[in-house]
Every structure is written in C-alpha cells, then in structure tokens.
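Here are my notes on the model you passed along.

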Amino acid sequence: MANISLQQGQFVTNSLPNTVKFRNISKILLRRRFIVLGVSCVVMSVTSLVAMTNKPTYKSHMQILITPNIAEGVGVTNGVNSQLAIEQYSVQKNLMQSSKLIDKAVRLLHFDYPSITTEDIKGKTEDSKSPLQVRQLEIKQGTNLVSSPVWEISFEGNDPLKTQKVLLALQKVYQDYNVERRQEQLNQGLAFINTRLPVIKQQVRQAEKKLEQFRKKHNVLDPELQSQLLIKSLAETQKQLQTTRTQLQDIRTRYQNLEEKIAVASEEAMTSMRIAQSSRYKTLTSELQKTEQALAKEQLRYTDDSPVIQSLQQQRQSQLKLVQQELNRLTAEIKAESIQIQSHLVGVEPSLVEEFIQVQTIGSELTANEKRLVESEQQIRSQLSKYPSLIAEYQRLLPEVETQRKTLEQMLQAQQSMGMKIAHGGFDWHFLEEPTFGTSVGNDRFWLIVVGMISGPIFGVVLALMWGMRHRIIHSAQDLHRVSNLRLLGAVPKLAPRIMEKRLPSLSWLGGRSLTPAVEEDNVWLPCHETLDIVYQNTQILKSSFSFKSVMMTSAIPGEGRTTLALGLAASAAHMHKRVLLIDANLRSPKLHKILQLSNDWGLSLLLLDETNTEVHEYIQPIHPSIDILTAGPTPEDAVELLSSQRLKDLIELFEETYDLVLIDAPPILGTVDSRIIASYCNGIIMVGRIGWVTQTEITQAVEILNSLNLIGIIANEVGSYHVG
C-alpha cells in the first residue's frame with residue numbers, strides 16, 4: 001500500500017518512468033486515427049487511379065502446322081528432302097510476314113479499327129521491334145533441339161481484344177490464301193472428272209424426285225417410322241380408354257350410393273314432418289314432459305322409495321311406451337305411402353344434393369370422353385391398315401436413291417484423290433490453336449494497388465506521429481505537471497470496468513439511511529483504486545489553507561475520463577466516512593446516468609427551473625448510504641442561460657450545508673463557456689488530463705482560462721505504467 005503523508009503541503013505521488021513507451025505511440029495513433037484513415041484512402045486512391053490509367057501490354061498468339069507435300073516417286077534422298085523443307089520453311093515465314101497478306105488483314109480490320117495501318121502490325125521500321133512475331137517452335141530429340149513444323153504467331157498491343165482480332169484477321173487471310181493456292185492446282189487436272197459428275201448428279205436428282213413425290217402424295221416422310229408412332233399412339237389411346245372406363249365405373253358406384261343416401265335422408269325428413277303434424281304425438285309428448293317435471297320437483301322433497309316418486313316413475317314409463325307406439329305407427333304409414341325419393345328431396349342436406357349433381361356431371365364427362373377415345377382408336381386402326389403397301393413402295397424407292405448417292409460419293413472421292421495427287425508439292429497450313437484472347441505480359445496494376453495498400457497506412461501512421469509530435473501530446477504525468485504548472489494530485493491508471501472493485505463499507509452510523517432494493521450497497525458499481533484514495537488525501541491536505549466543500553472536476557477536451565474519476569473520488573470520500581453529492585453539470589452531453597444506469601427524466605436542468613427548495617430532495621437519487629446523485633436531466637434549449645442564473649449558486653450553497661463534499665462533473669473547458677460559469681460558484685477546481693490524449697497546447701489554454709479561479713491541481717489519468725513509490 002502506498003505511504004500516505006498527512007503533513008501540510010506535502011503530497012503523495014506515484015513514481016512514473018521517464019521513458020516514453022510504445023503505448024504512447026498507440027495512443028497518438030488512436031487519437032489521430034482519422035489522419036491515418038484519410039492519408040491511407042488518399043494514397044490508395046492515387047495509386048488505384050494510376051493503376052487504372054496505366055495501359056498494360058497484352059499478347060495474343062496462335063499456332064499453325066505447316067507440312068510440306070513432296071511428290072511421290074521423286075528420286076531424292078532424305079537429306080535432299082530435309083534441305084528442301086528448310087528452304088521452303090524460310091519462304092513460308094517471309095510469306096506470313098509479307099506486306100501483301102498483312103494489307104489484306106488490315107482491310108478486314110478497318111471496320112472495327114479505321115485508323116489501323118500495315119505498319120501498326122508489321123512495325124514502322126525494320127530495326128524496331130515488330131508487334132507481329134513469327135517463330136518456329138523447337139522439339140527435343142535426344143539431347144538436341146530440332147525445328148518442328150509448328151509455328152507460333154503472336155501479336156502485342158494495349159488492347160487484349162484488338163490483339164485477338166488482328167490474329168483472327170491474319171488467320172482468315174492465311175486460310176483464304178491457302179485455299180486459293182490449292183484451288184489453282186486442283187483446277188489443272190480435274191476437267192475429265194467434272195464431265196462425269198453432272199450425269200451422276202442428274203441421276204441422283206431423279207431418284208430423289210421420285211422419293212419426294214411419293215412423300216408428298218402420301219403425306220409421309222418415313223412410313224416405317226410413322227407406323228411405329230401410330231402403334232404407340234394406339235397403345236396410349238387404349239390405355240387412356242381403360243383408365244376412363246375404370247373411372248366411369250367408380251362414378252357409377254358413387255352415384256348409386258348417393259341415391260340410397262338421398263332416399264334415406266328424404267324418408268327421415270318425411271318422418272320428422274309427419275311427427276310434427278301429429279296432434280296425438282304432440283299430446284303424448286306434452287304429458288310426458290309434465291310428468292318428468294313433476295317427478296323432478298318431487299325428487300327434491302322425497303326419496304326414491306317414496307310412493308309418490310314410484311307412482312310418478314310408473315306413470316312416466318307408461319307414457320314413454322305410448323310415445324314409442326305412436327312413433328312406430330307414423331313410421332309404418334310413411335313406408336306404406338312409398339314416397340318417390342327421386343322426385344322429393346325434402347329435408348336432404350344441400351351438400352349431399354350438390355355432391356349428387358357433381359357426380360352426375362363427372363359421369364357425363366367421362367361418358368363423352370369414352371366415346372371420343374373409342375372413335376380415336378377406330379381412326380388409328382383405319383390408318384394403320386394402309387401402311388403395309390406404303391412401306392413396301394418406300395423400301396423400293398429408298399435403295400435406289402442410296403445407290404445413286406453412293407455412286408456420286410465415290411466419284412467425288414475419286415475427284416478428291418486426283419486433286420491430292422495433282423496438289424503434291426508446296427505446303428499445307430493447318431491451324432492447331434485458334435487466336436487466344438490477349439493476356440497481360442506487362443501489367444503493373446496489381447503491384448501498384450498492392451504498393452498503395454501497403455504504403456497508404458504507413459504514410460498515414462508516419463504523418464499521424466509527426467502531427468502528434470508537432471502538437472506535443474503529453475506522454476507522462478511529469479510532463480503534465482510541468483506543462484500545467486499545477487499540483488499533481490495523483491496518477492491514475494486506466495480503470496477497466498471489468499476489473500474495478502465494488503468496495504464501500506457499510507456506513508450505518510450515518511443515521512441509518514434506507515435505500516431501495518435497486519440501490520443496495522452490494523449492487524452499486526463504483527470505480528475504486530488506491531490511486532483515487534491518494535488523490536482524495538492530497539485534496540484534504542490543502543484544507544488547512546483553503547476551505548472548500550464544493551469541487552468542480554473538468555478537463556481541457558472531451559474523452560479524458562473526467563466522469564469516471566469523479567465517481568472514483570466520490571467512492572474514496574465515502575470510504576473516509578464523508579457524505580457526498582455528485583452533480584452531473586454537463587447539460588449538453590450527460591454521461592453519469594448512463595454509467596450508473598439511472599433515470600434522467602429529472603435532474604439539474606429541471607431543478608434550476610424549480611424555485612422551491614423544499615422539494616430539492618425529490619431530484620436527488622441515492623446510490624449508496626453515503627453517496628447521492630443529481631443527474632443532468634433533460635437537455636435544455638439554452639444551457640448557458642440556465643447555468644448563469646443565481647439559482648445554481650444558491651443550490652450549491654444549499655448542498656454545502658447538507659453534504660461534506662459536493663462534486664460537480666462539468667463539461668470540458670475548451671469549446672464551451674459552461675465550465676467557466678460553474679467554476680465561479682465552486683470553492684475549488686480539479687482538472688483531469690488523459691495521458692497520450694491531450695496536447696500541451698490544450699492543457700496550457702485550459703489552465704490560462706481557469707488560472708484566475710481557485711484551481712487546486714490536476715490528475716493524470718490513464719498512466720501507462722503505475723506502481724506505488
């Protein structure tokens with residue numbers, strides 16, 4: 001426990017390290033987080049913009065297989081053939097890069113790219129690198145690399161689609177050139193085959209014409225296939241007919257059952273009607289009811305063994321027999337009359353009649369459907385009877401057509417074979433790989449974005465630290481004491497709610513004040529720490545030279561923990577057996593009621609408007625036998641006008657007579673004049689400075705404003721490293 005000295009003018013302080021820890025940097029970054037975020041966003045936006053405007057280089061390629069056609073029977077060795085192929089390959093490469101073919105590709109591209117020229121594809125000068133590259137691929141044979149017949153053609157540009165379209169145009173030009181060259185060779189030796197082809201084609205057309213006339217005449221393409229479809233349709237129709245007949249049988253059964261139910265219902269209704277019309281039945285029933293009423297009345301007076309009761313019971317039994325006989329007689333008369341149920345639906349339930357009509361309707365529909373299916377079955381059978389003769393004629397015409405087509409195909413194959421023999425010599429171009437969509441070969445966008453994402457936060461952190469150093473944020477209690485030139489009342493570490501203790505002794509000696517269950521002592525949360533007791537002791541040391549019972553706690557800027565420390569000082573004073581009143585005078589942004597979870601429907605703002613001192617206690621909420629709370633109350637329209645009134649000064653003087661200590665949680669000094677007004681009514685003023693949060697300039701400005709008043713000292717809040725000296 002800290003050593004506490006009560007000598008006049010001597011203060012108990014905490015020993016703090018002089019070095020600035022890494023935690024100070026985190027506090028600077030926390031306060032200047034918007035600078036870090038803003039600089040990061042700006043840097044990332046700039047790098048992203050540069051990345052978007054930077055045009056990457058794309059490359060598209062395709063592969064062509066060029067095979068030499070050496071004439072059969074030519075007496076040359078393999079070495080001669082290889083040498084000839086090498087020379088021809090060089091010619092083919094020059095041909096693919098020739099201006100003649102590239103000009104044709106440019107004309108094809110003018111629709112999509114009107115400004116494109118041959119130089120844009122081939123290159124402006126022979127010394128400069130050409131966007132169009134033709135390269136012969138190599139394959140490995142053993143340990144050596146030899147040239148393969150596969151060529152790769154690539155084109156580079158800033159537009160991936162354009163690179164692909166250029167190669168597509170070149171592909172079209174190469175294909176057309178290959179076709180034209182081969183066509184010229186084929187036309188030299190195919191004349192004798194072409195004279196025979198028209199005759200065979202005429203025969204094929206005649207056979208096809210006969211088959212077409214047969215199909216039009218009988219309106220059928222393939223009789224065999226059509227007959228199979230009809231057979232399938234017949235089977236489906238028969239299946240539907242069987243299902244319909246089954247459903248029709250079920251409907252007829254339901255129809256008979258409904259007829260019987262309607263007959264029974266009608267008979268019962270007629271019986272009820274006849275009974276209602278029978279005067280004898282009514283008389284017997286009335287007598288029976290009178291007897292039962294008399295029996296019930298006498299049973300209240302006599303037991304079941306009484307002669308009166310037994311006589312009434314016998315009379316009741318006789319009347320029941322007469323009623324049953326009359327009912328049987330009426331039923332027999334109704335049956336004898338043989339009423340026709342079909343023509344009389346008296347007394348039948350509407351739902352039963354509706355179901356009967358519905359069944360009749362369904363039966364009619366099923367009967368019509370059965371008739372339609374029977375007719376469809378007869379039509380299909382009639383059509384099937386015609387197909388055997390059609391199939392026979394079709395099987396005679398079809399082989400004739402196939403024979404003529406086969407003859408034509410053989411002639412065309414002979415023409416092709418002859419053309420291949422004539423075309424021996426030169427090269428064939430086969431495209432193994434179609435032009436691909438341009439892929440990036442020089443894209444710096446990704447790295448620019450990555451650099452922006454990394455450098456942006458770094459620049460933001462550096463700028464925030466420079467800003468914090470420039471504005472000289474206070475990092476220790478010694479710096480706070482030096483800058484403010486005030487008495488350092490204590491250095492309080494960060495008080496986390498989850499580790500704060502709930503410790504206050506029972507103060508029953510104060511007169512036995514009773515609290516509601518909601519504010520029982522054990523349920524009250526109050527921040528307690530040894531340093532808060534030290535702060536309170538240091539304020540008590542000054543009493544020998546200054547007399548103050550009302551103390552205002554304020555800070556330079558918001559967020560310095562002023563309200564929490566005010567609660568802590570109230571708890572320390574209560575620990576020293578003092579009666580404390582804590583007032584939340586921050587009318588613009590009150591926090592005390594939120595921390596203590598109290599109602600703020602009434603408080604200081606309403607009390608300042610109420611001129612009656614007899615009801616002051618109604619605005620005060622006790623939270624502990626030694627601590628009372630006066631919340632801020634509803635936010636007023638003009639806080640300055642309320643705080644400037646004589647009423648606040650009178651209330652503080654009134655509270656000083658009742659309590660040992662009146663603590664006032666006031667707003668920050670900088671930004672508003674509320675604290676300056678309240679300070680003029682209090683005996684003493686205590687400032688709070690949050691380490692790593694408030695700057696030297698802000699502390700200096702706040703002290704200059706309050707220097708003319710009774711400024712007791714300052715408390716260093718959230719000191720990073722704390723130990724008792």
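The points below start with the ground rules, then take the sheet, its helices and a few single residues.

1. Ground rules. This is a predicted model, where local features need pLDDT of at least 70, side-chain atom pairs count only at pLDDT 80 or more, and totals for chains, interfaces and linings use all residues. Numbering runs from 1 along each chain as its sequence is written, and side-chain values use heavy atoms, with hydrogens and water left out.

2. The sheet. Eight strands make up an open, mixed sheet, ordered S6-S13-S12-S7-S11-S8-S10-S9. Helices (H or I, at least four residues) and strands (E, at least two) are DSSP runs, numbered from the N terminus, and two strands pair if DSSP finds at least two bridges between them. The edges are S6 (488-492) and S9 (621-624); each has a single partner strand, so one side of each lacks a neighbour in the sheet. On average, neighbouring strands are turned by 25 degrees against each other, direction ignored; axes here are lines fitted to C-alpha atoms (for helices, over the stretch in contact), and angles run from 0 to 180 degrees between N-to-C directions.

3. The S6 end. S6 pairs with S13 in the parallel sense over four bridges, with Gly490 having Ile715 of S13 as its bridge partner. S13 also runs parallel to S12, joined by six bridges; here Gly689 stands opposite Ala716. Is S13 enclosed or open? Seven of its seven residues are buried, so the rest of the structure largely encloses it (buried means under 20% relative accessible area, exposed over 50%, partly exposed in between, with a 1.4 Å probe and protein chains only).

4. Next along. S12 (residues 684-690) pairs with S7 (residues 550-555), again in the parallel sense, over five bridges. Met552 faces Ile685 of S12 in this pairing. Helix H22 (residues 696-706) packs on the sheet and touches S7, S12 and S13, its direction making about 175 degrees with that of S12. Contact means heavy atoms within 4.5 Å.

5. Another helix on the sheet. H14 (residues 477-484) lies across S6, S12 and S13 (711-717), and runs at about 155 degrees to S13.

6. The S9 end. S9 and S10 (residues 627-630) run antiparallel and are joined by three bridges. The two form a hairpin with two residues between them, and Pro622 stands opposite Asp628 of S10.

7. A buried aspartate. Asp674 sits in helix H21 (residues 674-679) and, at 0% relative accessibility, counts as buried. Leaving out residues up to four places away in sequence, Asp674 touches Arg588, Ala639, Val640, Leu643 and Pro667.

8. A surface patch. Ile449, Met453, Ile454, Ile458 and Val462 form a nonpolar patch with about 440 Å² of accessible area together. Patches are made of residues with over 30% relative accessible area and no salt bridge; like charges are joined within 9 Å, nonpolar side chains (Val, Leu, Ile, Met, Phe, Trp, Tyr) within 5 Å. A salt bridge is a side-chain nitrogen of Lys or Arg within 4 Å of a carboxyl oxygen of Asp or Glu. Areas come from the Shrake-Rupley method with a 1.4 Å probe; for residues, only the protein chains shown count as cover. Val462 lies in helix H13 (residues 445-470) and is partly exposed at 40% relative accessibility.

9. One more residue. Gln317, in helix H10 (residues 307-337), counts as partly exposed at 44% relative accessibility. Gln317 and Thr291 are 26 residues apart in sequence and 10.0 Å apart in space, C-alpha to C-alpha.
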